[in-house]
Amino acid sequence: MKRFHTVQSIVILAILISLSSCRQKTSAVVAKEHISDKVYPILDTENSRWFFFSSASRPFGMVNLSPDTEIDGAWGSGYRYAVDTVKGFSHIHAWQISGLSVMPVTLDKSNENTIYTDFYSKFSHEKESVHPGYHYLELERYGIITELTSTKRVGFHKYSFPKDKKAGILFNLNTVLGPCDNIEGVLEKSGDKELSGKLIAVATHRRPKPLTIYFKIELNTPIESVARDPETGNYLLKLTPTEDSVLMKAGISYTSIENATKNIREELPNWDFNTVVEDSRNEWDGLLGRIKVEGGTEKEQRRFYTDLWHGLQGRRIISDVNGAYPDNTGETFRVGQIPLDEKGKPKFNHYNSDSFWGAQWTINTLWGLVYPEIKEDFVYSLLQYGKDGGLIPRGPSGGNYTYVMTGASSTPFIVSAIQQGIITDDLEDIYQALKKNHMLGGIMGKAGYEHKTDLGGGLKYYINKGYVPYPIPEGNFGGHQDGASLTMEYAYQDWTLAQLAKKLGHQDDYDSFVKRSKNYGNVFDSSKGWMRPKDVDGKWYEDFDPYQVEHGFIESNGAQSTWFVPHDLNGLAKIMGGNDVAVEKLNDQFKIAEELNFTAGTSHAQENHPEYGRIPINYGNQPSIQTAFIFNELGRPDLTQFWSRKVVAKAFSGLSPSTGYNGDEDQGLMGSLAVLMKIGLFQMNGGTEANPEYQIGSPIFDEITIKLNPKYYSDKNLTIQTVDNAPNNTQVKQVRFNDQPIENYRIRHNEIVKGGTLILEMSSRATTNKD
């Protein structure tokens, strides 16, 4: 931590000098305290993937501008803390999309001919500062001070070149960049200080169609010349000498250069770099400040706001300021248009997003309670895909389906938004669109990345036989064809859809989907006490090992996935032999998992490791992240409180580049989970029942204040206070809400969103069997 504060001091001095040279006022930049300063952006960056890291980005921004130290592949790329070489500053770090990499350089006779292929530069973390909305670093090779910030759709660069060097900017438009190649890059000068261009992000295994990225460039200094290298196809700008810092705006659009220009005109009409930095920080402060925590250590607070920050990014806007968006769901590409409100503004944003697989235990609750406007936006975006392409997606990219992961993971997300009262209109149309995904021909029948068939998901077997066989008899179609996991996932998602059917009076549908939701029992082997895959003839998988990963189970093993029955845990306990048997079994799993810090190593890549992969509970990936709160459902809240605090301490308390999420953060899912566990609120079935229920855990802070959004809920705060909280006082002895006792460690949505004070009296002694 000493290094970080040293760097901050260096950078503040650099900003002061820079501001002085630009004749800007500096007092606001230095004096104002920002809650976003508690965020530690370089958390886990030694293990990150292309879309994981953010710096010069707004919440869910189309532009996610940051330096890249590794550029080859979706995994292990982007900003990697242990790599000391900058290979460019690129603007798009999204699920299966990358684009527009630039690099400021200095030029002389020795490198003008080689600069197109030899332009990387070393840098030092000692001369670097990162906070939400801003990134500062120095390129050692060139002696250039670089500063980055952005609006939602516009990257904003500030380069301070050495005074005795010729300044240039390399546009590396034709390169591998993270998950895909960038090809056919074109850059044209359109004015003394302006350029426009485009490139193609080629199709990937996951995103099956190419995507054109358009951009507009504006500078504050004249362009002396633009040269294209015939071998690489990349472009070099030579800039007219200037005593001032060079400022560059880069507006992005997926629809047209005209709309990229409109994005600049509306979002960044001025050249005041430091005001944009401050505006970005204020925007982050506004969202992060919805939850204020008191107590705990400084490290715990910093990690908490870093978790919260991760829950508010990763999934990227793809629509322009005027509501134009790329629609790639049909036979041919088209530019779609989001409906406009009475003021002529788009009613919602359209998004690029990784899967909602696991969202039922993470962003479902966090966004639903604290950021309902964000949840509403995402729901309408998912529904727009349904209107355009016929199916509500589970993880769209580039305006198209990717069929990432499995099942109909958007169903719980959308149903919970309805049950929380966030979505109130057109419920019948929404229900019919969701129902389509649960029937033959819908998205549930597609295995991961299964673009041309719908056999891999085994849905016809699930409907006719009550389970998905392993293996699928027809052969391999897509990924994740793990029948036991698919059976349990479909059963849960069917239950969530049944709740909406009930709400709308579709009794027959309700009965049908509830019946299907019991299918999880068909893959439970009572002789073994575990969920177990079986083939199409009903024969159990031979040589079954509950700790062997990915043999019938998706990104997990049988021990982890056995507990994936969030909608009917008492039913699961019954077939296990009763609540006491189930509690003892799960408690033993936690004891073993604790020896490995509750995660399968420190990265997603280690989940298949011979040792780490055999862990019975893995908080580094989604399939078993609900398990600590299962005890609550089975009458042992004391064990929920005990183990959830243990998990937080061992899996979600690190604050370094080498660790953080110990697996796959997946665009805010694990950050959101950590937030919920630390404030002591959780929803076992994803908030999908009528008047959703929150389970109460064991908060790590003395006081948590959640500012409720008055557009959706009460214009009051929800305050969670703990009495006698301490590292060893993990047990909740008594709960009161607005001076009324709360039984069973549960509270309903309609109560909590009215605001008030939830008081938890903490103790070191367990209170058991509170039914």
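The model is predicted, so local features need pLDDT of at least 70 and side-chain atom pairs count only at pLDDT 80 or more, while totals for chains, interfaces and linings use all residues. Residues are numbered from 1 along each chain as its sequence is written, and side-chain values use heavy atoms, with hydrogens and water left out.

Q: Which residue of S29 stands opposite Thr705?
A: S28 (residues 703-707) runs antiparallel to S19, with four bridges joining the two, and in that pairing Thr705 is the partner of Lys292. S28 is also joined to S29, again antiparallel, by five bridges. Across that pairing, the residue opposite Thr705 is Thr719.

Q: How far is Thr722 from Glu761 in space, C-alpha to C-alpha?
A: Thr722 belongs to strand S29 (residues 717-723). Leaving aside neighbours within four places in sequence, Thr722 is in contact (heavy atoms within 4.5 Å) with Pro699, Phe701, Asp702, Leu760 and Met762. Glu761 lies 39 residues from Thr722 in sequence, and their C-alpha to C-alpha distance is 5.8 Å.

Q: Which residue's backbone oxygen lies 2.9 Å from a polar atom of the Thr722 side chain?
A: Buried means under 20% relative accessible area, exposed means over 50%, and partly exposed is in between, using a 1.4 Å probe and protein chains only. Thr722 has a relative accessible area of 10%, so this residue is buried. The backbone oxygen at 2.9 Å from its side chain belongs to Phe701.

Q: How many residues of strand S5 are buried?
A: S5 (residues 97-107) pairs with S4 (residues 89-94) in the antiparallel sense over five bridges, and His93 has Ser98 as its bridge partner. In this hairpin, two residues lie between the strands, and Gln96 takes a positive phi near 70 degrees. S5 is also joined to S11 by seven bridges, running antiparallel, with Pro104 opposite Ile169. S5 is mostly covered, and its buried residues number 11 of 11.

Q: Which side chain makes a polar contact with the side chain of Asn172?
A: Asn172 is found in strand S11 (residues 166-172) and is buried, with a relative accessible area of 7%. Not counting residues up to four places away in sequence, Asn172 touches Ser101, Phe119 and Asn234. A polar contact is a pair of N or O atoms within 3.5 Å; within protein, one must be able to donate a hydrogen and the other to accept it, and residues adjacent in sequence count only if both atoms are side-chain atoms. At 2.8 Å, the side chain in polar contact with that of Asn172 is Asn234.

Q: Is Gln667 buried or exposed?
A: Gln667 is found in the loop between H17 and helix H18 (669-679). A polar atom of its side chain lies 2.8 Å from the backbone nitrogen of Asp354. Beyond four places in sequence, the contacts of Gln667 include Phe51, Trp95, His310 and Arg315. With 2% relative accessibility, Gln667 counts as buried.

Q: At what angle do helices H15 and H17 pack?
A: The contact is between H15 (residues 579-594) and H17 (residues 637-651), whose axes are 12 Å apart. Among the residues making this contact are Val583 and Phe590 of H15 and Leu639 and Trp643 of H17. Axes are lines fitted to C-alpha atoms, for helices over the stretch in contact, and angles run from 0 to 180 degrees between N-to-C directions. The packing angle of H15 and H17 is about 20 degrees.

Notes: Pairing = 2+ DSSP bridges.
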